[in-house]
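Student: Can you walk me through this one? I'd like to start with what the terms mean.
Tutor: Fine, here it is.
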Amino acid sequence: MEENYIRYQMSRWILYSLLLILAWGIGLFMLLYIPVRRHVIRRDFRTRQLYVTPDSIVYKVTRPVPFPCFGALKKKKYVLLHSVADIVVEQGYLQSLFGIYSIRIEYAGLTRPASDDVKIQGIADPRAFRKAVLMHIGRMKMESFNRQVSNSDLSSFGPGNPPSSWFSPSRSLRNDSIPPGQLILQKLEEVSSSVKRVQTLMEEQHCQTSEP
């Protein structure tokens with residue numbers, strides 16, 4: 001998108017220059033500044049970095065000053081994902097002629113003017129970026145919900161409801177440490193002993209009834 005973005009920015013610059021020529025004549029100096037302006041825009045575009053981390057959106061750019069001989073301005077901005085309301089994909093009329101898109105990061109729960117939103121132009125695939133950000137936000141919300149559920153479950157074990165009343169730790173630990181084959185044999189032995197006890201009780205009752 002570099003060449004399209006440069007052509008888009010230069011078209012805007014030339015239009016403004018022509019308008020200012022008709023107004024005050026300042027546009028003539030802007031037309032003479034076109035080669036320097038092109039160099040500044042190209043360096044600005046090539047130094048941009050935009051990526052998503054597990055908890056934030058990071059945007060870094062090294063922007064040359066209007067006269068590159070005086071150095072450059074480094075800018076690094078972090079936007080926490082929990083403060084993002086939405087990623088808005090925008091495209092104006094002039095941008096559509098060059099295939100340029102812009103994204104605007106809206107903040108959640110804050111009464112800020114639209115000018116405070118982070119706006120970035122020249123994104124090659126803005127919808128993929130928006131999808132990636134929303135997926136990260138959804139995963140963060142799910143993890144937060146799971147933590148709340150686990151904390152509420154732990155808080156339900158109060159003094160009157162000890163964990164031992166919900167399950168038998170000794171039995172569960174014992175069963176988890178036994179292989180499946182031995183566990184089946186153990187269950188069969190328990191059933192066999194239960195049957196033998198029932199048979200013994202029946203024999204005792206039969207002897208008691210036949211004794212008179």
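Tutor: Buried means under 20% relative accessible area, exposed means over 50%, and partly exposed is in between. Keep in mind that this is a predicted model.

Student: Are Trp-13 and Tyr-33 buried or exposed?
Tutor: Both Trp-13 and Tyr-33 are buried.

Student: How many aromatic pairs are there?
Tutor: The count comes to three. One of them joins Trp-13 and Tyr-33, with 5.8 Å centre to centre and 45 degrees between the planes, a tilted pair.

Student: Which parts of the chain does that pair link?
Tutor: Distant ones: Trp-13 belongs to helix α1, while Tyr-33 sits in the loop between α2 and α3, 20 residues apart.

Student: Switching to the surface. Which residues form the nonpolar patch?
Tutor: Ile-14, Leu-18, Ile-21, Leu-28, Phe-29 and Leu-32, which together have about 590 Å² of accessible area. The elements giving two or more residues to this patch are α1 (2-23) and α2 (27-32).

Student: Where does Leu-18 lie, and why is Leu-18 called partly exposed?
Tutor: Leu-18 lies in helix α1. Its relative accessible area is 44%, so Leu-18 falls between the 20% and 50% cut-offs.

Student: Now confidence. What does the pLDDT average?
Tutor: The protein averages 79, and 73% of the residues score at least 70.

Student: Where is confidence lowest and where highest?
Tutor: Helix α6 (residues 169-177) is lowest, at a mean of 47, and α3 is highest, at 92. Residues 163-174 have a pLDDT below 50, and that stretch has five contacts in the model beyond near neighbours in sequence.

Definitions and conventions: Residues are numbered from 1 along each chain as its sequence is written. This is a predicted model: local features need pLDDT of at least 70, side-chain atom pairs count only at pLDDT 80 or more; totals for chains, interfaces and linings use all residues. Side-chain values use heavy atoms; hydrogens and water are left out. Patches are made of residues with over 30% relative accessible area and no salt bridge: like charges are joined within 9 Å, nonpolar side chains (Val, Leu, Ile, Met, Phe, Trp, Tyr) within 5 Å. Accessible areas come from the Shrake-Rupley method with a 1.4 Å probe; for residues, only the protein chains shown count as cover. A salt bridge is a side-chain nitrogen of Lys or Arg within 4 Å of a carboxyl oxygen of Asp or Glu. Helices (H or I, at least four residues) and strands (E, at least two) are DSSP runs, numbered from the N terminus. Buried means under 20% relative accessible area, exposed over 50%, partly exposed in between (1.4 Å probe, protein chains only). Rings of Phe, Tyr and Trp (its six-membered ring) pair if their centres lie within 6.5 Å; planes under 30 degrees apart count as stacked, over 60 as edge-to-face and the rest as tilted. pLDDT is the predictor's confidence in each residue, from 0 to 100. Contact means heavy atoms within 4.5 Å.
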